[in-house]
Amino acid sequence: MNLSELTIKKARELLDSKQLSAIDLAKYYLKNIEEKNKDLNVYLEVFSDVIKQAEDAQKIINKGEAKELTGIPLAIKDNILIKGRKVSAASKILENYTATYDATVIKKLKEEGAVFLGRTNMDEFAMGGSTENSAFGVTKNPYDLERVAGGSSGGSAVAVAADIAMASLGSDTGGSVREPASFCGVLGLKPTYGSVSRYGLMAMGSSLDVIGPIAKTISDTEIIFNAIKGVDKMDSTSIEMESRILNPESRTIGVPYHLMNQEGISLDVKKNFEESVEKLKNLGFEIINISLPNIDKSLAVYYIIMPAEVSSNMARYDGVKYGLREDGDPSTPLGAGNLLDVYKKTRGKGFGKEVRRRIILGTYVLSTGYYDAYYGKALQVRRIIKDEFAQAFKKVDAILTPTTPSPAFKIGEKSDPLEMYLADIFTVTANIVGCPAISLPSGFAEIDGKKLPLGIQLTVPHMDEDILFNIGKKFLNE
Amino acid sequence: MISKDDIKKLADLARIEIEDSELEGLAKEVDSILGYVGQIKSVVGNVGFPSPDQGEGQGGVLNVMREDENPNESGAYTKELLAEAPETERGFIKVKKIL
């Protein structure tokens, strides 16, 4: 049996009809991990009890009580808590931290009987777009080992692309699920803000963060999304999804063509995007040129609001409650026990460069004298962009853009932080407005004799994930 | 223009020790990022701050309250939580002297 083509849907049939055991399925992935993980650096830890978890799942299947994800091997991003297991956010400050409780998504997946293979590499505290900011080494792109996997959920995207997990969970604050999915030729969903509980997800930008699945097909994406969504009393921003009746006429897709004329969009991306538009037209969708006048300010809004929230959220890492502790300077009057010194040394040593940069930036935009000009203004522009989206969705059912301005770049290529941030230009908007968005594989660019995946991104109104799945299935001929 | 002294001050406020050798590079990077994000100042139209009545999905901010009830049984999580603290004493997290 060729398991490399297996999807969750297909595996479910095989598991339930006893043509495949959960243990054999787990062993298949463990073997692939053994062969590939050293080169790709996907897993920071492969759990030692995978077979035991698979045996437990098999017992449920044998009793005829299997749910959709029973026995399905998943990879989990290293910023989602699983009780009793290490979780580090790929940071030195949490290198030896063990989770004291289950994230709500993990609780739900355990109830489903899913198997957790391990925790995947990421940019430290999800800050980055390439996993180069991991304290534990970069994750490589399986299509070209000299290139990045994307990020911050780079490990979770490569786990699926390189067939070392059937699907995975990532988190998306400004594109951290969609960008790596696009770079690795897989699907990545950023759900509606609040649709999936953030309880047990390490906070980065609390008004932007959402957990989302990375998978091989729309059906698999849908299965995981349905398993993890739902209102949660532990997250006051979580919402119950209204069940909506899909408009069967939902056939109009808006393209903000004015965005395609910006600097920095590669020719490969432009060409592939035009081909994707043609494909959608041939499938019967009506493509409408729309204007979102301030959408090009999204990235600027994002890089004010996000660091502001980062600087607040990172305050908890103080060397007192948990995580790394560095002693103070013994030569000062209060000696090694100087509390202020403990804070500063712990945070100075424990946080990597990008995390420190964003905390400082956030401290600046929130400080007296600059608050109104930066943070206050950013909140206002966020409102304006939301209103423009609401207007656009009166005319179209979905908005289409490329996922990224270029295919995966080379490791070390983007040394200037601002240049790195520009890779998020198409993805941040969905987080700014809270709408669901998905990246779908749309073809390849051929560079230096290597085929590099490209992706398109669809954005729809809040809670209309079904429209994404509907268009996605047609586009991917599923 | 952000100076090295500004970065030092911000780092102090954020309780982060930064090596002197890093200050200049960081000042340049932060300055260039602020230059980029400053473009939002050109957006016209004063919409005011989002108000509570604008509700979910509309950019509104609202407080979500709940009753303060059903507390955990005392000590239910103490062992696991203390196990993660760098320093403890008699069932408490130990903090450095501040006086």
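This report looks at one strand of chain A and at the interface between chain A and chain B.

The model is predicted, so to speak of a local feature takes pLDDT of at least 70 and a side-chain atom pair counts only at pLDDT 80 or more, while totals for chains, interfaces and linings use all residues. Residues are numbered from 1 along each chain as its sequence is written, chains are lettered from A in the order in which they are written, and side-chain values use heavy atoms, without hydrogens and water.

Let's start with strand 9 of chain A, residues 252-255. Strands here are DSSP runs of E with at least two residues, and helices are runs of H or I with at least four, numbered from the N terminus. A:T252 and A:G254 point one way, A:I253 and A:V255 the other, and all are buried (under 20% relative accessible area, 1.4 Å probe, protein chains only). In a regular strand, side chains alternate between the two faces of the sheet.

| Partner in chain A | Sense | Bridges to strand 9 |
|---|---|---|
| Strand 10 (residues 286-289) | parallel | 4 bridges |
| Strand 11 (residues 398-402) | parallel | 2 bridges |

A:G254 has A:I288 of strand 10 as its bridge partner, and A:I253 stands opposite A:A398 of strand 11.

**The interface**

Now to chain B: 59 residues of chain A are in contact with 51 residues of chain B (heavy atoms within 4.5 Å). Between these chains there are 7 salt bridges, each a side-chain nitrogen of Lys or Arg within 4 Å of a carboxyl oxygen of Asp or Glu. B:K96 forms a salt bridge with A:D327, with the closest N and O atoms 3.4 Å apart.

Terms used: Buried < 20%, exposed > 50% of the residue type's maximum accessible area, 1.4 Å probe, protein only. Pairing = 2+ DSSP bridges.
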